[in-house]
Amino acid sequence: MASVSNRVTLAQIAEYAGVSVATVSKVVNGRPDVAQQTRDAVLELMRRHNYGGNRDDLRSHPTVELFFGFEELSIYCTAMVQAVVDAGVREGVGVVVSRRSDRDPAADPAGWAHNLAAAGRRAVIAVTANTLSPPMVEALSRVRLPLVLLDPEVPDPSIVSVGSTYFAGGRAATTHLLSLGHRRIAYLGGKEDASSNQARLHGFRSAMEAAGVPVLGELVRHAGSFHTAEGVEHGKRLLAADPAPTAVFAACDELAAGVIEAARLRGLRVPEDLSLVGFDDTPLARVTSPPLSTVHQPINEMGGVALRTALRLASAEEIDSHHVELATRLVLRDSTGPVPADTDPDGARQTETDVAF
């Protein structure tokens, strides 16, 4: 058998024993649900390679990788980091945060996965613009690191994931605007082909169709990202329509904040001239001017469920569901109000020459 240094890692013990990292972890922690033959083999390897010097460190400092498939982290991403780190504190688990960079894991999936396992990670939680590439998923499987997708834009039915009810949130936001009398309502989404964006859009369409209000193509736009600058740019274009919308449902708080700035640049007041609803309920929603009505996505709960699920998978425990969706809810603040008084029955703002005296 090949020799290893006295500072052998948990992943190396698993590799030499031909078992998963989770199984070795169970032996280290004295769990009873390991076959005796496997337990004996792992213990023999631990003794042979002087593993005892590392065992207490691994018990005291288990870690999970939180990987973001973005080069730039949004406010929503930082809120997700807080949620997973908080859950790690409660579970006694360290969280190591990484993101896509010039050294993209997709360029060397095997090396990426091996480094994670060698560093003693128990599992990987990934927040990505889409699903991880098949080679990346396969590489994690080869080193026996369980994977959980958190708020995936494109869920993969073969991978355990945690998300929220995007469709219901989109419908609730639009229904609220309709109840205020708005009819010319715009939708500003993220990446057009992302399923999470499509679910929000379908919720918007569902509410509009239920109210008998047409969805106008010129008032549906998709930004390339979920950042404020995109919200400003697309907000300008929406508000330049003739007639302009009286309300906008934006697919995230950052896009909504951008639309607020676009409205300010056009001399429009929120909500007197333009009502606005966002999505996510990040800290940004409470500090925009005015504070933003938004769909609350249960970020803290999602992070906690993702971490606990990852740990259960690492311990080879059964999980309740392959895909978990947590409920969204509408939070009303000051960015929505009644349709402007100078709006005609079709939802268009009237100009001075249109107003009847």
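Is T23 buried or exposed in this structure? In the predicted model, where local features need pLDDT of at least 70, side-chain atom pairs count only at pLDDT 80 or more, and totals for chains, interfaces and linings use all residues, T23 is buried, with a relative accessible area of 18% (buried means under 20%, exposed over 50% and partly exposed in between, with a 1.4 Å probe and protein chains only). Residues are numbered from 1 along each chain as its sequence is written, and side-chain values use heavy atoms, with hydrogens and water left out. T23 belongs to helix 2, residues 21-28 (helices, H or I of at least four residues, and strands, E of at least two, are DSSP runs numbered from the N terminus). The C-alpha atom of T23 is separated by 9.9 Å from that of R144, although the two residues are 121 apart along the chain.

The largest pocket holds about 520 Å³ of space, and of the 30 residues that line this pocket, F70, S74, C77, E153 and F226 are the closest to its centre. A pocket is here an open set of points on a 1 Å grid over the protein atoms alone, where a 1.4 Å probe fits, with protein on both sides within 12 Å along at least five of seven lines, and lining residues have an atom within 4 Å of a point. Helix 5 gives the most to the lining, with 3 residues, while helix 9 (195-210) and helix 11 (253-265) each supply at least two.

The structure holds 11 salt bridges (a side-chain nitrogen of Lys or Arg within 4 Å of a carboxyl oxygen of Asp or Glu). In one of them, R142 and E138 meet at 3.3 Å, N to O, and both residues lie in helix 7 (residues 134-142), 4 residues apart, about one turn of the helix. R142 counts as exposed at 62% relative accessibility, whereas E138 is partly exposed at 39%.

Another salt bridge joins the side chains of D281 and R333 at 3.0 Å, N to O. This pair links distant parts of the chain, with D281 in the loop between strand 9 (275-280) and strand 10 (293-296) and R333 in the segment after strand 12 (329-331), 52 residues apart. D281 counts as buried at 10% relative accessibility, and R333 is partly exposed at 21%. In a further salt bridge, the closest N and O atoms of R312 and D320 are 3.8 Å apart. Salt bridges that share partners also join D281, R286 and R333 into one network.

Notes: Points joined across faces, edges and corners; volume = space filled by probe spheres on them.
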